[in-house]
Amino acid sequence: MELGSALQFLDNKSILVTGAAGFLAKIFVEKILRVQPNVKKLYLLLRAADHKSAVHRLHSEIIGKDLFRVLKEKCGKNFGSVISEKITLVPGDISHEDLGIKDSDLVQEILNEVDVVVNLAATTNFDERYDVSLGLNTFGAKFVADFAKKCVKLKVLVHVSTAYVSGERTGLILENPYNMGETLNGVSGLDINVEKKIIEQKLNDLRLEGASDKEITRAMKDLGIQRARVYGWPNTYVFTKAMGEMLVGEFKGTLPTVIIRPTIITSTFKEPFPGWAEGVRTIDSLAIGYAKGKLSFFLGDLDSVVDLIPADMVANAMIVAMIAHASNQPWGNIYHVGSSMRNPVKYCDLQDFGFRYFSKKPWINKDGKPVIVGKMRVMDSMASFHRYIALRYLLPLKGLEFANTAFCHFFQGVYSELNRKINFVTRMVDIYRPYLFFDAIFDDINSEKLRMAARSSLEENDMFYFDPKCIDWDDYFMNIHIPGIEKTPQSPIKPTILNFPYSTWVQETDYVDDVAPAGLLVLNAATASIEKVTLTGNDVTNACLDRLTNDWKQGSALEFLDNKSILVTGATGFLAKIFVEKILRVQPNVRKIYLLLRAADHKSATLRLHNEIIGKDLFAVLKEKYGGKFTSFISEKITLIPGDISFEDLGIKDSNSVQEMLNEVDIVVNLAATTDFHERYDVALGLNTFGAKFLTNFAMKCAKLKVLVHVSTAYVSGGRTGLILENPYSMGETLNGVSGLDINVEKEIIEQKLNELRLEGSSDKEITLDMKDLGIQRARYYGWPNTYVFTKAMGEMVVGEFKGTLPTVIIRPTIVTGTFKEPFPGWAEGVRTVDSIIIGYAKGKLTFFLGDVDSVLDMIPGDMVVNAMILAMVAAASNQPWGNIYHVGSSMRNPVKYCHVQDFIFRYFSNNPWTSKDGKPVIVGKIRVMDSMASFHRYMALRYLLPLKGLELVNTAFCHFFQGVYDNLYRKINYVTRMVDIYRPYLFSEATFDDINMEKLRMAARSSLEVNDMFYSDPKCIDWDDYFMNIHIPGIVKYIFK
């Protein structure tokens, strides 16, 4: 998609910003004012009693900050007038309807003028009162969304959440939305209005009991933690932020909406100048405490990743996302903005940065003396923490209890204070425990797509940088971040009796826009202090993948396949043969492979097995391996099932075979399909759609089934362009938004049409043509270009609709080509897509090509598709945590263009010309390219239609003497024109197939699969020149040329 100009988008726009006194909000406001002085108005919502109080907050907490000095220098003496002209203060509170704005005229002005709403208001205290947190983070989000929907000019709503709404989940955290009532632990019953009532009831009970304000606060904090944990979240903050996302999703309606999920936000990377920070923010409390010599211990995993992102990058991501969604970008609206996926940094790196920096530039204490720092001692487990607490505090506390009793409670005050502090620290450790050893990586595929779009089409891409890969963490910490926080005014660290610092940075008096949770407890044995250190981290990729793949405990696909029974449909197909051969070759201990073949009886099925499957060269390696025992091996491992998936119970007539499979089958693999773009609609719907339904129904009845693998096609995307995501099709979803798609109605339309044709006495040929026309007509009505991809898309819909809780995989290959390596390179069968071009060219019958030679031809060898199928079935059977749809192709990782293929075949057949039937070599030349439909139509008109018109006149003049010649030429022209029309979307394809799920699968396999090399599926290992010149084209010549 084209993003155009960010500055042009911001020009003359009015923006409402909530939580305007927060760290991120200030950076956002400063950026807008600095880069686009022609912004019309910034409405800043501030919690204030009146306009006078709001003005005071604006000057003291926002524009009075050093952050605005670059803008002040730019505007000079006009700074005050710029602020007065561009900023309108809005006293209010988002925890009330209409944002608590009392001035009705101001409300109406905002509703009439605002183009963009940015919600940055939140409380980030993990141990916040539940009533406060629910009011701000949850209902505040709802009230902002409700308000935004009433803004008549609004183009986009940006809601800033946190990446840590993921709670305690481990592995790869996807940019997925939360549905209303969804919980992390699967407990049902989450109702946000009920949560509000629970709070109101609790407050009423406490007031009736005469509880003090302190007691009410404590009870509200306990209630928040309790309710969060009922539904699987570790604390009140992330629970209420997750519910806030639910409400935004529920109440946004058709409003374009962006949800930004930053990780730990740090000081600015570049703008308005490097290193600006404010307050003691997350990891900064660690650096400050360490520099001052107050921290010598910390609780946490040094080898885990700290997911950090500079604040100016978050602000830039917000701006680019708002532009993209105001322009209806085609991907998801949730963005993880962090670094763990692209440029991870570990806690041990931070430890090293801090030690090196403060060793060279020690902190000067109040006495004017340098503070000498050393390496911190690490408590790397909860067990070590509990031992430390027991030995250092609980035993002395027990002794103090005895002494206090013996001396008539003389030490009661000391005892009570120490007991309170121990309980406080224990409570804090319990609340922050999930983040102390956080084992997750935040997937950022949507953010990466946004960056890709910005790089390709945003005019000011460099101005709105947010790629974490450009950060040199050593340089950032040593020369930007630590020097920056040294300049930040610090509150004194108050000493207490306990020796483990746990410093609090949360401002409970106002909104705070920090969105990262805590994740470290820093312990100090040298001084007496308690501090809350709000750090978190993600494991490095490999360590995280160990968690991500912890269900793959078998460690081997071979072990998974051992003693398994597999049902394979479409068993005579190209991919099915490769799949069956692979299983038999690598895992001879597979229990049984049931092959469903369209055949009248077992005898016919046996004939098809020998002629169309095991009789092929593909099985040469397996035959060589078993020698004379090959036949007995096949008889033992393969059971033939005559049937047809376009019927219920797969058309299997033998009830004993049906029952046997229902009792024995562990895996079902559906490879049955018709791939003819111009198939009869009744045939295609029967096989590709209802066949998928009947097979899913059958799989649901299999008592031992572990996984269903449904092989579809990447081209269910139709004629869509850009980045095609691995997203499912919902039942009735269409490509063009036309409603009313009902698969049963499609079946009725076919039956009605067939009845009409039979009543009219149509011939078989006429019925076939009408059925083909009907398929194209129905496909295009709903946005698909041809019958094949339309019926395959509906097949995916029925699999999704009827699979229930069954683990299911949908494989979407692109153009499948000859084998890359196994069982040997280059095996191919039939004239498959691109191969028809190669054959026609080699035989001298193809002299021109219609299409864009600079577009990408997405191809993938057949053995790689089969390996992907096997990996995916292993993962799905083990409850892998990512999506179940896999694009298996090369355009995302290792693209090859049509012009490259043109060059390969020219070079190959120039050196190895095809020998014609006459024994003469066919001399090939460069193919002429028609790079547009207009050039094709001109060619057809001059080369064929004009001669056809002349022939028509001659034929008439000579009493139809040339009728046969005329009809034949007319038929051929119509056929070519029709085929070009059907294939047109693919001749000029501008799509790339996103394969993030496939990449996760490959990463998991590399991390945990003992025989990963046996199940290679990474297209990056393909050298396309070598593949075409030495594998694929020689394979076509050997196995296909006749």
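Reply: Below are a few questions and answers on helix pairs and strands. This is a predicted model, in which local features need pLDDT of at least 70 and side-chain atom pairs count only at pLDDT 80 or more, while totals for chains, interfaces and linings use all residues. Residues are numbered from 1 along each chain as its sequence is written, and side-chain values use heavy atoms, with hydrogens and water left out.

Me: How are α26 and α27 oriented to each other, roughly parallel or roughly antiparallel?

Reply: Helices (H or I, at least four residues) and strands (E, at least two) are DSSP runs, numbered from the N terminus. The axes of α26 (residues 743-759) and α27 (residues 764-781) come within 11 Å and cross at roughly 150°; axes are lines fitted to C-alpha atoms, for helices over the stretch in contact, and angles run from 0 to 180 degrees between N-to-C directions. Angles under 35 degrees count as roughly parallel, over 145 as roughly antiparallel, 65 to 115 as roughly perpendicular and the rest as oblique. The pair α26 and α27 is therefore roughly antiparallel.

Me: And α25 with α28, roughly parallel or roughly antiparallel?

Reply: Helix α25 (residues 681-701) and helix α28 (residues 787-802) have axes that come within 9 Å and cross at roughly 20°. That angle is why the two helices α25 and α28 are roughly parallel.

Me: Which strands are the edges of the open sheet of seven strands?

Reply: Its order is β20-β19-β18-β21-β22-β24-β28, with parallel pairing; two strands pair if DSSP finds at least two bridges between them. Each edge strand pairs on one side only, and these are β20 (638-642) and β28 (885-888).

Me: Which residue of β28 is the bridge partner of isoleucine 810?

Reply: Strand β24 (residues 808-813) runs parallel to β28, and four bridges join them. In β28, the partner of isoleucine 810 is isoleucine 885.

Me: How many residues of strand β5 are buried?

Reply: Buried means under 20% relative accessible area, exposed over 50%, and partly exposed in between (1.4 Å probe, protein chains only). On one side of β5, Val156, Val158 and Val160 are buried, and on the other so are Leu157 and His159. For β5 (residues 156-160), the count is five of five.

Me: Which residue of β5 is the bridge partner of asparagine 119?

Reply: Strand β4 (residues 116-119) is joined to β5 by four bridges, and the two run parallel. The partner of asparagine 119 in β5 is histidine 159.
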